[in-house]
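Work through the exercises below with the model open. Try each task before reading its solution.

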Amino acid sequence: MRFVAVGISALVAAAIPSVAGDFWTTLLTQILIFGLLALSADLLLGHAGLFSLCHASFFAIAAYTTAILQVRHGMGTGLAALAGVAAGTVLAMIFALSVRTRGVYFILITLAFGYVIWGVAHRWSSFTGGDNGVTNVPFPSVGWLQITNTTQYYYLVLAIVLVAAAVYNVIVTSPFGLSLRGIKSSEAKLRSLGYDVGRHLYVAFVISGVFASVAGVLYVYHNRFINPVAASFPVSVEAILMAIVGGTGTILGPFLGSGVILILRNWVSGFFHYYTAVLGVVFIVTVLWAPLGIMGLIARWR
């Protein structure tokens, strides 16, 4: 049943551009990209019990690196995208030192790390372009693969996200993923069994940063522009919010949460300037009445 549901969902996603307009195709592309970002944050939140507020940093660094190499240095899409993912991964390897802390201290140190990257992106205008950012990022082009419009890019994003989700599923169902859930349930018990908890959490943090970096590369080719907003605190919060609304500890949940948040943001912002207040209400309602998110409600209904 699960494989049938996944297959039907993939077929529906593939057919959407032929029945929907450019607006919905573009919105669905954003949902997939930010769903992948939320999925990366949920590897720590849903499986290891770590509430990270710096995932926008990996997302933005990967996007900036890709954009600068392509626009200013004329590097090809393949090398620029790989360099972007590598830059985000290296940053994750540094920020992963925060797993030496727990609880509110972990939240605060990741928050501080995130603000460092946002400050650099905002103030180092001679390199990052400041508020003006880096513009005119071309569509990806690798050999015979030439993307020329939003529909073609949607299919590329869909394919990459499906592959990323499959890899993610292998990770979380492996002994490593099971050990992460064991750490979330009882860290002391895992230590008593001989597990190196610190090393497991460090590797999980880095893997999470890799997925966030891939999302950042996809974002910059979709948006064709990057500025410090991508590294800001609200982006990290929205990624966590998407995972919670959709259902933490699941693969489909962050994408459902991404759809809810982005559709609400696009709809509400059209007639209500303070749309972030609505997102806050959604978060409060979810935590109080649906703590397991949309996936939890579906499981309860089943």
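Predicted model: local features only at pLDDT ≥ 70, side-chain atom pairs only at ≥ 80, totals over all residues.

Residues are numbered from 1 along each chain as its sequence is written, and side-chain values use heavy atoms, with hydrogens and water left out.

**Exercise 1. Classify the packing of α7 and α10 by angle, then describe the contact by residue class.**

Step 1. Locate the helices (DSSP runs of H or I, at least four residues, numbered from the N terminus). Helix α7 spans residues 150-173 and helix α10 residues 197-223.

Step 2. Take the geometry. The angle is about 175 degrees, and the axes lie 11 Å apart. Axes are lines fitted to C-alpha atoms over the stretch in contact, and angles run from 0 to 180 degrees between N-to-C directions.

Step 3. Classify. Angles over 145 degrees count as roughly antiparallel, so α7 and α10 are roughly antiparallel to each other.

Step 4. List the contact (heavy atoms within 4.5 Å). From α7, the residues include Tyr153, Val157 and Ile160; from α10, they include Ile207, Phe211 and His222.

Step 5. Sort by class. Ala, Val, Leu, Ile, Met, Phe, Trp, Tyr, Cys and Pro count as nonpolar, Asp, Glu, Lys and Arg as charged, and the others, Gly among them, as polar. The contact has 14 nonpolar, 1 polar and no charged residues.

**Exercise 2. Find the salt-bridge network that contains Glu187.**

Step 1. Apply the rule: a side-chain nitrogen of Lys or Arg within 4 Å of a carboxyl oxygen of Asp or Glu. The count comes to 4 salt bridges.

Step 2. Start with Arg102 and Glu187. Their closest N and O atoms are 3.0 Å apart. Arg102 lies in the loop between α4 (77-95) and α5 (103-123), and Glu187 in helix α9 (residues 187-192), so the pair ties together parts 85 residues apart in sequence.

Step 3. Check exposure (buried is under 20% relative accessible area, exposed over 50%, partly exposed in between; 1.4 Å probe, protein chains only). Arg102 is partly exposed at 26%. Glu187 is partly exposed at 23%. Arg191 is partly exposed at 45%.

**Exercise 3. Which parts does the salt bridge of Glu238 and Arg265 tie together?**

Step 1. Get the distance: 2.8 Å, N to O, for Glu238 and Arg265.

Step 2. Glu238 lies in helix α11 (residues 233-246) and Arg265 in helix α12 (residues 252-268), so the pair ties together parts 27 residues apart in sequence.

Step 3. Check burial. Glu238 counts as buried at 12% relative accessibility.

Step 4. Return to Exercise 2. Shared partners join Arg102, Glu187 and Arg191 into one network.

Technical notes
Helix = DSSP H or I, 4+ residues; strand = E, 2+ residues; numbered from the N terminus. Parallel < 35°, antiparallel > 145°, perpendicular 65-115°, else oblique.
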